[in-house]
Amino acid sequence: MMIIEKIKLLCTERGLSMYRVEKDCGFSNGSIMKWDKSSPKLENAIKLADYFGISLDYLVGRDFPKETNLIERPDYVLSSVLIELSQDKDFVNSAKLYKAVNDEYKKQICAYILGVATALGINVSQVLGR
């Protein structure tokens with residue numbers, strides 16, 4: 001679906017006219033219809049996505065449904081966790097120590113982490129895809 005078709009659909013779903021959306025977003029009259037022939041400026045596409053409460057991905061035709069909450073997307077959660085961990089000096093130091101210990105200690109550390117995760121209600125098997 002093209003961007004202009006999505007905008008029309010969103011307007012219909014919300015009972016809005018294109019004129020109203022343009023006015024609310026501070027666009028000139030008829031500017032959205034021009035997007036049928038040329039791409040909007042990024043700042044205008046962002047403004048429109050924010051106006052409708054949708055992701056920019058959805059607006060421009062990526063596969064995520066409009067109701068996608070980033071925190072519910074596994075790829076977003078994983079990347080967020082990995083970024084947080086990589087910036088945590090204690091975790092980085094612990095990872096370096098883990099790398100240096102023998103296999104028996106590694107098994108004990110993993111068992112401990114599994115126990116903590118289970119106590120927190122995390123389904124580790126599901127997280128690991130097992």
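What relative accessible area does arginine 20 have?

Reply: Arginine 20 has a relative accessible area of 41% and is therefore partly exposed; the term covers values between buried, under 20%, and exposed, over 50% (1.4 Å probe, protein chains only). The model is a predicted one, in which local features need pLDDT of at least 70 and side-chain atom pairs count only at pLDDT 80 or more, while totals for chains, interfaces and linings use all residues. Residues are numbered from 1 along each chain as its sequence is written, and side-chain values use heavy atoms, with hydrogens and water left out.

Arginine 20 has a partner. It forms a salt bridge with aspartate 24, the closest N and O atoms being 3.1 Å apart; a salt bridge requires a side-chain nitrogen of Lys or Arg within 4 Å of a carboxyl oxygen of Asp or Glu. Aspartate 24 is itself partly exposed, at 36% relative accessibility. Helices here are DSSP runs (H or I, at least four residues), as strands are (E, at least two), and both are numbered from the N terminus. In general, an α-helix has 3.6 residues a turn, so residues three or four places apart point the same way.

The structure holds two salt bridges.

The largest nonpolar core has 18 residues, and Ile7, Ile32, Leu48 and Leu59 have the most contacts inside it. Such a core is a set of buried Ala, Val, Leu, Ile, Met, Phe, Trp, Tyr and Cys residues joined through side-chain atoms within 4.5 Å. At least two residues come from each of α1 (3–14), α2, α3 (42–52) and α4 (56–59), and the largest share, five residues, comes from α1. Leucine 59 is in contact with Ile3, Lys6, Ile7, Ala45, Leu48, Ala49 and Ile54, leaving aside neighbours within four places in sequence; contact means heavy atoms within 4.5 Å.

Asparagine 44 belongs to helix α3. At 19% relative accessibility it counts as buried, and it touches Phe27 and Trp35, not counting residues up to four places away in sequence.

Tyr98, Tyr105, Ile109, Tyr112, Ile113, Val116, Leu120 and Ile122 make a nonpolar patch of about 790 Å². Patches consist of residues with over 30% relative accessible area and no salt bridge, with like charges joined within 9 Å and nonpolar side chains (Val, Leu, Ile, Met, Phe, Trp, Tyr) within 5 Å. Helix α7 (residues 103–119) gives the largest share of the patch, five residues. Leucine 120 lies in the loop between α7 and α8 (124–128) and is exposed, with a relative accessible area of 63%.

For the whole protein, there are eight helices and zero strands, and buried residues make up 20% of the 130 residues.

Technical notes
Accessible areas come from the Shrake-Rupley method with a 1.4 Å probe; for residues, only the protein chains shown count as cover.
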